[in-house]
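Student: Hi! I'm new to this one and have some quick questions. Can you walk me through it?
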Amino acid sequence: QVQLVESGGGLVQAGASLRLSCAASGRTFSNYAMGWFRQAPGKEREFVAARSGSGGITTYADSVKGRFTISRDSYKSTLYLQMNSLKLEDTAVYYCAAALFPGPFTVGRAVREYDYWGQGTQVTVSS
C-alpha cells in the first residue's frame with residue numbers, strides 16, 4: 001500500500017503561482033511513477049503531469065506545458081507540482097497518484113493506470 005497526502009492548494013488570482021506537495025509513505029518511493037491529475041466540477045478527472053520512477057522521464061498535458069513543472073524529492077518521498085501563470089481554467093481539485101510500472105522510465109497519462117490516490121487539494125484561481 002502507498003499512502004498519499006496532498007497539500008498546498010488555495011485561492012489565488014490569475015497569473016499567480018502555487019506549489020502543490022504530495023507526501024508519500026508505505027513503499028519505496030523511487031520505484032513508483034507519480035502523477036498529478038485534476039477534476040473540475042462537472043468534468044472528468046484529467047491528466048496534468050507525471051514523472052517516472054528513478055528514470056526521471058516527465059510528461060505534461062498540453063494545457064499546462066510551459067507553466068507547470070513536476071518534480072520529486074526521493075529523500076523526502078515527496079512529489080511537487082509548481083504551477084506558474086495560473087489561469088481561471090486551472091481551477092480544480094488536484095490529486096496525486098502513484099503507479100508501479102515496469103522499469104524506471106515508464107510513465108502513464110491515464111487515470112486507470114494509477115493504483116493509489118490522495119484525497120485531493122483544492123486550487124481556485126480567481127480573476
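Tutor: Happy to! Let's start with the link of cysteine 22 and cysteine 96, which is left-handed, with -75° about the S-S bond. Keep in mind that this is a predicted model.

Student: What parts does the pair of cysteine 22 and cysteine 96 tie together?
Tutor: Cysteine 22 sits in strand 3 (residues 18-25) and cysteine 96 in strand 9 (residues 92-99), so the pair connects parts that are 74 residues apart in sequence.

Student: And what is the S to S distance there?
Tutor: The S to S distance between cysteine 22 and cysteine 96 is 2.0 Å.

Student: How many disulfides does the structure hold?
Tutor: The structure holds one disulfide.

Student: Is cysteine 22 buried or exposed? And what about cysteine 96?
Tutor: Cysteine 22 is buried, because its relative accessibility is 0% and the cut-off for buried is under 20%. Cysteine 96 is buried too, at 0% relative accessibility.

Student: Okay, new topic. Where is threonine 59?
Tutor: You'll find threonine 59 in strand 6, which covers residues 58-60.

Student: Is threonine 59 buried or exposed?
Tutor: Threonine 59 has a relative accessible area of 16%, so it counts as buried.

Student: Which residue's side chain does the side chain of threonine 59 join in a polar contact?
Tutor: That would be arginine 109: a polar contact of 2.5 Å joins the two side chains.

Student: Which residues is threonine 59 in contact with, leaving aside its neighbours within four places in sequence?
Tutor: Threonine 59 touches Phe47, Val48, Ala49, Ala50, Val107 and Arg109, with those sequence neighbours left aside.

Notes
Residues are numbered from 1 along each chain as its sequence is written. This is a predicted model: local features need pLDDT of at least 70, side-chain atom pairs count only at pLDDT 80 or more; totals for chains, interfaces and linings use all residues. Side-chain values use heavy atoms; hydrogens and water are left out. A disulfide is a pair of cysteine sulfur atoms within 2.5 Å. Helices (H or I, at least four residues) and strands (E, at least two) are DSSP runs, numbered from the N terminus. Buried means under 20% relative accessible area, exposed over 50%, partly exposed in between (1.4 Å probe, protein chains only). A polar contact is a pair of N or O atoms within 3.5 Å; within protein, one must be able to donate a hydrogen and the other to accept it, and residues adjacent in sequence count only if both atoms are side-chain atoms. Contact means heavy atoms within 4.5 Å.
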